Every structure is written in C-alpha cells, then in structure tokens.
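Visitor: Could you take me through one part of this structure closely? I would like to see how two neighbouring pieces meet.

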Amino acid sequence: MTEPDLKKIAGEELARQGEKSARIACCASTGCLSSGSGEVMEALLEALSSHGLADKVEVVPTGCMGLCSHGPLLGLEIGGEDGFRFLYQEVNPLLTRLIVAEHLLPSLEAGGDFPVPEFLSSHLLPLDIPFFTRQEKVVLANAGRINPERIEEYIAAGGYRALEKILREKTPDAVIEEVARSGLRGRGGGGYPTGVKWRNTADSRGGEKFIICNGDEGDPGAYMDRSILEGDPHAVIEGMLIAGYAVGAQSGWFYIRAEYPLAVERVEKALKQARGRGLLGKNILGTDFSFDCRVRLGAGAFVCGEETALLASVEGKRGTPRPRPPYPSQSGLWDSPSCVNNVETLANVPAIIRQGAGWYAGMGTETSKGTKVFALTGKARYSGLIEVPMGTTLREIVEEIGGGSSSGRPLKAIQTGGPSGGVIPVSLLDTPVCYEKFQELGSIMGSGGMIVMDGADSMAEIAAFYLEFTVDESCGKCAPCRIGGKQMLDLLKKIAAGEGNARDLSQVRRLSEAMRRGSLCGLGQTAPNPVDSTLRYFEGEYLNLLKTDDD
Amino acid sequence: MINLTINGIGVEVDEGTTILEAARAAKMNIPTLCRHPDLPPAAACGICVVRVRGRGNLVRACAAPAEEGMEVTTHDPEIVRVRRTVLELILSGHPNECLTCLRNESCELQSLAAEFGIKEESFPPLIAEHPLDDSTRSIVLDPRKCVKCGRCITVCQEQQNVWALSFLDRGIETRISPAGEIVLAESPCIRCGQCSAHCPVGAITEYDQGGEVWEALSDPAVYCVAQIAPSIRVSIGEAFGYEPGTNVSGQVYDALRRMGFDAVFDTNFGADVTIMEEATEFAERFRNSPESLPLITTCCPAWVDFMEKFHPEMIPHFSSCKSPQSILGVLAKTYYAEQRRLDPARIFMVSIMPCTAKKYEIHRHKTMFASGRQDVDVSITSRELIRMIRQSGLDFSGLDCLAAADSPLGEYSGAGAIFGATGGVMEAALRSAHYFVSGADLRDPVIPAVRGISGVKEGEIAIEGRPVRFAVAHGLANVEKVLDKITAAREKGDDPPYHFVEVMACPGGCIGGGGQAWEVDDAIRRLRVEGLLKDDAIREVRVSHRNPSIEKLYRDFLDRPLSDKARQLLHTSYRPRRKYRR
C-alpha cells in the first residue's frame with residue numbers, strides 16, 4: 001500500500017468543506033438518538049433537498065455535543081468558521097423543517113446576517129453561557145464537531161499527525177518520556193501515571209505485547225468513554241497506535257461493553273477506514289512499525305473494568321480479578337506483557353504529542369494534570385458531558401457550568417466517582433478537581449461521574465443505591481465483597497427504613513473495614529465508599545433514622 | 001534467595017515463595033481457608049490478609065510473593081479484626097449444621113471457627129437454597145454448604161481437565177454447579193471425587209453407604225465378604241494417628257473381621273489376576289499385532305469414563321481386562337463360592353476403595369454381573385471405612401497388625417501390592433509381560449522410570465532385544481500430553497511413541513484417590529507410595545505369575561489367561577459416548 005499523505009487528505013477534505021455555504025451538525029450520539037435525533041436528521045435532509053439546498057449545506061452527524069439535558073441538539077454554522085453559529089435545543093422534525101425554511105434559507109439568501117425569527121429564538125441556546133465558555137476541550141475537541149464515521153474529517157482536524165510525528169521523529173523511549181512529562185494519569189479511576197505504566201510494559205521481556213483499550217465503562221450515569229468512542233473513535237485508535245509504538249506492541253484489543261452497540265459500530269468502522277488508509281496494519285506510514293487492533297465485547301459485568309478481570313474476559317474466561325503481582329505490564333493477556341489504558345486516557349495521547357507535554361502539564365494541579373471529562377448529572381440546571389482543566393473547583397463546575405440547582409432547592413452534596421466514589425458536601429465545593437484531593441475527602445475521581453444532589457436526597461438511600469449496584473456486580477470470588485456487601489446492604493436498607501438500631505450501624509462500620517481492607521480488587525475495596533462518605537458528612541441523617549430504646 | 005522479615009524475624013526463602021510460605025518458614029502460621037497445597041492460590045477467601053510495610057492495603061499472604069527487604073506483620077489488632085469479620089461473613093453464608101454434617105470434626109471452616117473462638121452468629125444467615133445433587137451415586141454436591149473457595153473447580157478443570165464443575169452466576173448468587181442447569185450425572189463428571197477430596201467443608205462429599213454395609217453385616221443370612229484396595233493399607237492409618245505410609249493391612253483385616261465380615265480378601269490378589277490377563281494381552285499384541293499398540297491400562301474407572309467421553313477413538317487401545325476390584329468381586333462369587341460350597345446369592349461383597357468412581361464401576365456395564373448377579377454389591381471409600389471403624393468402637397491401634405487376609409483371595413505378590421501407586425500397574429505388568437514374551441523374568445523387578453510422582457513418566461525396557469516404550473500419566477490433565485503424542489504419530493504414520501500406557505486419574509495414583517482422607521499433599525503422597533514400594537520389596541514373590549494362589553487359580557479354575565472362561569469372567573468392553581466430546 002502506498003503510504004497515505006495526511007496533508008493531502010486533509011487539504012482535500014477542507015476544500016470540500018469550504019465549498020459548502022453552511023454546515024449543520026446534528027448530534028448522533030446514543031443519548032440524542034434515543035431522544036429522536038435520528039428523525040431530526042431525516043427531516044433535515046428532506047427539508048434541505050426540498051429547498052434545493054442538499055448540495056450547498058453539509059449535514060454532519062456528530063458525536064456528543066455535551067449539553068445532553070437539552071438534546072437533541074442541532075448546530076448551524078453559516079458562512080464558514082468565521083461566520084455565524086447557532087445551537088438549537090430540544091429539536092424535533094417539525095422544528096427542524098422550520099429552522100431550515102425560516103432561518104437557514106433566508107440566512108443563505110441574505111448572505112448570512114439574518115435575524116432569527118422570534119418563534120425560533122426561544123429554542124436557541126445562548127452560546128455565551130458558562131456551560132460552553134468555561135470548558136476546555138482536549139479529549140472532546142472533535143466530538144460534536146466532526147463526523148466520527150469519516151476518517152477524512154479526523155485527518156482534516158489534525159488527526160494522525162501525532163502518529164506521523166512520533167514515527168518520523170521520536171524513539172519509543174522519547175514517546176514514553178513525553179507522556180510521562182505530561183503528567184497524564186489513568187482516567188478510568190485509578191489515576192496511575194500513564195508514562196510509568198508504559199515504561200513498565202516496555203521494560204518487560206516478552207516477544208508479544210498488547211495494548212488494551214478499556215472501554216468497559218460501567219458506572220451508573222457515566223458515559224464519558226461511550227461518548228468519546230462514539231464521537232471521536234480515531235483519536236482513541238491513534239492513542240493506541242502511539243502506545244503500541246512506545247511499548248513495543250504489535251496488536252491491540254478494544255474491550256467495549258456490549259451495551260454500547262453504537263460505540264462498537266463506530267470503532268469497527270474506524271478500524272476499517274484506518275486499515276484502508278494504511279494507518280493500521282503492516283509498515284505503517286512506510287516505517288517498520290506494524291500494529292493492528294481487534295474488538296472484544298464485554299458481556300456487561302462491571303467487574304470486567306478491573307484490569308485483571310478484563311484480561312480474563314478477553315481470553316474468554318470468567319471475568320474475575322486475580323491478585324497482583326504479577327501486574328499486567330509484566331504478565332497480562334495470555335501471559336504476555338500488556339498495557340491496559342482507559343478510553344479517555346488514550347484519547348488524550350494524540351493531543352499531548354501534537355501540542356507537547358509542557359502544554360498539557362500547564363493545565364491542572366500539582367499532581368493532576370490536563371483536563372478531565374465528567375458526566376454532570378442530577379439536580380444541575382445544565383447537565384451533560386463536560387471537560388474542564390484539572391484544578392477547576394467543584395463550585396465552578398456545579399454553580400457556573402451546571403448553572404446551579406435545577407430544582408430550586410439548595411444543593412446538598414456532589415457524588416463523584418460512581419459506585420466506588422463518595423459524596424462531597426456542598427460546604428466543600430471549593431475543592432479543586434484532583435485525584436488526591438477527592439481521595440482525602442473520602443471520594444474518588446473515578447471515571448468521571450458527577451451527580452448533583454439537593455436537600456430532597458436521603459443520604460442513606462443514596463448509599464444503599466450505590467451499594468446495591470456493587471453488590472449486584474460483585475463477581476462473587478472473594479468473601480469480604482461477596483458476603484460483606486450483601487450483609488451491609490441489608491443493614492443499610494433496614495436503617496433507611498427506620499428499622500435499624502445502633503448495633504446495626506456499628507456492624508456497618510465493621511463491615512466497611514473488612515471490605516476495604518480484605519477485598520481482593522478495587523470493586524470490593526471501594527464499595528463501602530458511598531456508605532463511609534455519607535456517614536462522614538451526614539452522620540446525623542443516619543442517627544435520626546435509628547430506633548432507640550424509647551421507640 | 002530473598003531476605004525478608006516476618007513480625008521482625010528475619011527469614012531467607014527462595015524466589016517465588018509466597019508470604020504465607022515464608023511465614024511458615026519463620027514458624028508463624030497465617031490462617032487461610034481457600035489455600036490448598038495442590039493448587040495455585042485462588043486468593044478467594046480473604047482470611048490470610050497480612051500487612052506489608054509501605055503497602056496501602058492489606059495483602060493476601062497466599063498469593064503475594066515474598067520480596068527482598070519486605071517487612072511483614074501477620075498479626076495486629078486490625079488484621080485480626082478484619083480476619084474475624086471475614087470469617088464471620090463466611091459463616092453467615094454457611095449453614096450452621098455441623099452436627100449433621102459428614103465433615104464434622106474434619107472441616108477446615110469448623111477448625112477456623114474454633115481457632116478464632118467464634119461464639120455467636122454476628123450476621124443473619126444468607127444461605128441460598130439449592131437442591132442437593134446426589135445423582136452420580138458417587139459424590140454428593142450440597143451447594144448450600146459451599147464456601148466458594150474454588151478448589152473443586154480448579155481441580156475439576158485444571159488438574160483433571162473434565163470441566164464438570166464451574167462457577168455459575170455472580171455476587172451473592174455465585175454457586176458451583178455443572179453448567180447448564182443439569183445434574184452431575186448428566187454432566188461430563190467422571191466421578192473421580194477429587195473435588196470431594198479437596199473440599200474444605202461438606203459441600204462435596206462421597207456418597208455415603210456405610211449404612212447399607214451395616215445393614216448387610218447385621219443380617220445373619222448374608223455371607224459378608226470384604227476386599228481392601230492396594231492403597232488403603234498405607235493411607236487409613238493416618239486417621240488413627242499413624243504416620244502417612246504406615247502399612248496397616250493387619251489392623252484393617254482384623255477390624256473388618258471384628259465388624260462382622262465372614263471373610264476378608266485383598267484386592268491385591270485381584271491385581272495379580274489383572275496382570276495375568278493384561279500382560280498376556282500385551283504379549284499377544286506385541287508378538288502378533290504390534291500395530292494395535294499401545295495398550296492402555298483400564299484399572300481406573302474415572303479414566304475409563306473420561307476416555308469413553310472424550311477419547312473414544314482410543315477404545316481399541318484399551319485393555320479389555322477388568323479392574324482388580326471387579327475381578328475379585330466375580331471370583332468371590334464363583335471360584336471362592338465353589339470352593340466353599342457357598343450359594344453365591346448369599347454372598348455380599350463390599351469393596352473398600354480409595355475412590356468414589358469405584359461406586360460407579362460396579363454397575364458400569366453388564367459384564368460387571370458376570371457371576372450371574374452384581375459382582376461387587378457395595379463399594380465404600382477410605383473415608384467411609386474410617387467412620388465405620390470409629391462407629392464400631394474398635395481401638396484401632398490395639399488391633400492385630402499381623403492378621404492375614406483369607407485364602408486364597410487374600411494372597412498377593414509384590415506386583416499386586418504396588419498397584420495403588422502411579423506407575424505401579426505398569427511396573428507390575430512389565431514384570432510379567434517380560435516373562436510372557438521371553439519366558440524369563442526381568443533380572444531386577446524394579447523399573448525406576450515408572451516411579452516418582454511427576455505427572456508424565458516415560459521409559460523403555462527391552463524384551464528379547466525389542467524395545468518396549470511406555471508412558472505413565474496421572475492427574476487427567478497430564479493424559480492429554482500422552483494421547484496427543486500417540487495421535488500425532490498416528491497421523492504422521494510414524495511408529496507409536498509408546499507400546500504400553502498406564503493412566504490413573506488421581507495425582508499420585510490411588511494413594512491420592514478422590515475417596516481418601518482429606519488434606520493430602522505431595523509429601524503425604526510420597527510417603528504413601530513409599531509404603532507400597534516397601535510392601536513389594538519385602539515380598540518373596542514379586543511377580544504376579546509366580547504367586548502360588550494365582551497359579552492354582554489358573555490350574556483349577558480359569559485354565560489360562562485369556563481362556564474362554566477368563567474372557568467371560570474377567571473382561572469387559574467400552575462404548576463411545578460422543579455427546580460429551582469437546
């Protein structure tokens with residue numbers, strides 16, 4: 001295969017785009033699709049062709065645009081990048097037809113500057129709200145902008161240049177060094193320094209090595225990784241290629257949960273396109289480097305997000321964790337050195353290579369660098385997928401980006417880190433986003449779930465909700481997690497129902513210690529976090545629920 | 001070597017040693033429930049947690065390798081509290097039915113509870129109701145009692161390569177079961193009982209038939225006879241305070257007589273007969289149809305079951321000769337009955353075996369009724385016999401260690417004695433095969449290449465200048481290696497890699513059988529093997545064909561090996577069961 005000329009592909013794509021007088025981005029992520037963006041797209045194409053605009057206007061089905069609470073979203077770009085931009089919320093087919101007929105068409109006829117009719121303007125989202133202005137998009141830079149199913153658009157947006165750069169200019173060692181200097185840490189929740197993981201894998205002896213992309217995102221309410229895979233799959237593939245080059249791996253596995261069919265479809269499509277363009281396979285870009293990827297589906301076990309369980313699952317075995325050491329970097333998939341990186345982690349890599357470790361490390365706190373994607377949900381006015389620099393305070397996220405309480409009731413706490421995380425009370429809203437800071441407060445960064453809670457939320461019920469999830473998802477291998485979780489859940493439910501007593505509460509604390517200290521893997525060790533942290537900050541709520549001798 | 005400290009005490013261990021083993025080397029015991037010396041650490045139970053300086057969380061001593069400079073604490077208030085809570089949790093998932101459990105007083109969970117001084121049920125019981133599975137009539141699976149240590153599954157899948165048992169469901173619903181909502185009898189289970197021998201609690205036990213034996217013994221109209229398997233004599237003493245490997249044949253014979261058996265035989269006699277038939281079979285194939293080699297031994301019923309299910313293409317290589325148990329059964333009801341003028345219908349034959357699969361063998365095929373009725377009526381395991389001896393009130397150590405079995409079915413050669421150890425059948429068969437082919441005995445009856453407990457042993461002897469290559473495998477996962485070689489050679493059209501193959505399903509052979517007493521490791525297996533080899537070494541007659549009782553048997557009753565009568569009484573056949581093929 002002749003080696004691809006990325007510049008040429010990008011030039012042709014940009015020229016093609018430049019010929020269009022307008023561009024309409026329609027969110028085609030799972031969230032918006034389920035609220036009807038598929039029908040919106042059909043209506044849009046129909047309306048455009050009936051107005052004779054089919055050739056002039058480009059319709060781009062994109063990944064997640066972020067403000068999921070207001071979807072389906074439709075973005076208009078009239079007159080190129082310096083032209084006019086509009087974002088419509090909660091669109092439907094009728095509204096779409098009206099937008100084309102009453103806004104787009106007259107705008108194009110008027111040469112761009114056309115006042116939005118009043119009956120449509122109520123559907124317009126102001127683009128200057130903090131939800132849009134306070135974000136810093138690195139990982140999500142392409143999501144919501146490009147068509148994830150076209151490799152040309154990714155290349156036109158600067159894609160695969162990082163790969164080209166390292167293959168031409170950098171030794172594997174230098175790549176690891178660059179990633180290490182960037183301060184990038186695992187975005188799946190563990191926060192392990194990515195550079196160190198790569199170094200360990202590179203240093204392990206073994207003929208065959210593997211890169212595994214962990215796409216088994218399973219926290220309830222979290223969909224960062226799904227959105228990245230759906231919205232910008234090539235960024236993850238490029239990240240894997242760079243990781244493969246750095247550690248000396250020739251193949252990679254995507255492990256994606258089967259409940260993410262669209263992500264799987266887009267990744268498969270992207271792999272095919274990359275292969276077609278010679279960006280995967282043998283002698284990539286004319287170098288000695290060969291690498292290819294395959295996809296394995298997870299069958300929906302939360303514990304398979306734990307890397308040793310994940311590897312067992314890829315091998316076709318029952319997905320249960322095993323003790324470490326040996327670490328996967330020493331002996332992983334089929335006993336070969338393996339590097340397991342989360343989707344978001346890998347998606348950061350091309351940007352780090354393109355813009356440099358210094359740029360990346362310039363964002364964030366002392367120990368947590370770069371940006372982090374969160375799924376902001378719950379009682380926030382604006383909720384959805386956001387990306388902020390590390391070090392941004394929870395207050396900025398909740399009050400500014402999230403627009404404060406959606407219920408009108410005062411906020412009470414923020415739950416972070418999903419079922420392995422905990423609550424941070426509203427009194428600590430000035431806490432910056434940082435792995436260590438969250439941990440000090442009894443929660444974790446986790447993969448990026450962030451749920452805003454108000455006064456109506458009962459903390460014992462919240463704790464029971466999350467614990468029920470982990471109890472359900474415990475693999476059952478080790479006793480502290482398997483039995484401890486269930487016993488604790490029964491006690492919590494009893495307490496939440498007003499049937500518990502002081503002894504029950506002390507048993508809860510004892511179980512928490514046994515699970516934290518005695519469980520084999522992170523799932524069991526962190527399962528008590530929602531309970532411990534609600535007890536830490538809202539003990540009074542629990543005490544009020546207890547039966548006393550007087551009752 | 002690695003230097004570390006355990007509670008401040010320095011200890012030097014080999015690389016690859018776990019913290020648990022290192023602690024034992026430092027004379028410090030760390031409690032554990034799921035760990036078994038035969039198996040890789042599962043790290044399942046969470047009891048063995050220890051503190052390692054510099055590590056954020058407690059680590060599992062069973063699985064964590066010792067590292068240079070490591071500082072380990074095995075006991076402190078937090079560690080002990082966590083262990084206790086975990087133990088109490090396990091107890092909450094286990095029925096409090098010790099008094100009505102076969103493992104009462106031999107249960108590893110019970111011992112832990114005693115060690116921790118558990119006085120109350122801290123947590124409400126969380127026991128899922130699953131039906132008892134005794135469909136195999138060999139082993140009994142009671143999922144309610146399972147503590148999910150995973151030993152049985154590792155043994156079934158990795159040691160035995162059978163895959164009858166797996167973990168099903170997850171979390172608190174996790175259970176062990178054959179996959180697909182079927183009972184064990186419908187599963188690939190070969191009834192070897194290794195799961196039951198490795199179970200720390202009473203979740204998998206032998207199918208207990210002690211009651212049936214007592215019933216027969218108490219019936220004056222029934223003439224009760226017993227036979228004891230080769231390996232029993234070197235294992236059963238352990239339950240009564242003897243060192244592993246101590247030969248307690250005399251005490252066992254005496255105990256059985258005192259329990260009421262009218263005659264006590266020794267399966268070793270049956271082993272000598274097996275050799276007469278099997279070695280003759282080998283000699284005939286070796287002389288007349290070398291292309292039909294290798295000949296594969298069939299004394300082990302679990303192996304027979306395994307082969308019928310997974311390797312039916314090997315059936316033509318199987319010796320048609322019955323196992324010593326079955327041979328002794330049929331001879332008791334024919335030859336012995338004739339001699340003693342007993343009505344065979346009155347004879348009740350009880351075999352005492354190291355094996356749960358022997359319970360299946362006695363009705364496996366219509367040839368197991370060669371005497372006109374079921375040749376062996378009940379087969380019980382070592383564990384059942386130990387219980388029966390206790391029930392009978394006998395003071396085992398006070399029994400007659402010089403007691404002898406009844407003649408003639410109790411007289412055996414050294415070749416019969418070693419049947420209970422891996423390699424023993426091969427060694428015994430080669431001693432006689434050499435004679436049957438060449439007319440001369442081996443200069444030295446000891447064949448070192450078959451001895452030892454490594455999983456696959458290979459060797460060669462020469463008979464009349466022609467090589468006889470043999471392989472010995474035990475632990476069924478090891479069998480595949482041998483079969484693969486045979487198949488590969490056949491496909492390439494090469495000479496068979498072996499002429500004679502011995503297979504025993506259990507590690508170490510019958511001395512490590514699935515019906516033997518619990519908590520066996522390789523050290524104990526070695527001692528038991530030694531006990532059998534000693535029994536051989538001290539015998540005047542060390543080859544089956546020179547056992548005077550065997551000579552008489554053929555002279556008076558069977559005529560010669562493979563005679564019509566021998567074929568009718570002492571041989572069997574096999575059937576492919578392809579639905580189990582993988």
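This is a predicted model: local features need pLDDT of at least 70, side-chain atom pairs count only at pLDDT 80 or more; totals for chains, interfaces and linings use all residues.

Guide: The contact between them takes 11 residues from domain 3 of chain A and 15 residues from domain 4 of chain A; two residues are in contact if their C-beta atoms, placed from the backbone, lie within 7 Å. On the domain 3 side that touches domain 4 of chain A, strand β12 (residues 422–425) gives the most, with three residues. Strands (E, at least two residues) and helices (H or I, at least four) are DSSP runs, numbered from the N terminus. By class, that side of domain 3 of chain A has five nonpolar, six polar and no charged residues. Here Ala, Val, Leu, Ile, Met, Phe, Trp, Tyr, Cys and Pro count as nonpolar, Asp, Glu, Lys and Arg as charged, and the others, Gly among them, as polar.

Elsewhere in chain A, a cis peptide bond joins G71(A) and P72(A), with omega about -5°. P72(A) lies in the loop between β2 (57–62) and β3 (74–78) of chain A.

A note on reading all this: residues are numbered from 1 along each chain as its sequence is written, and chains are lettered from A and ligands numbered from 1 in the order in which they are written. Local features need pLDDT of at least 70 and side-chain atom pairs count only at pLDDT 80 or more, while totals for chains, interfaces and linings use all residues.
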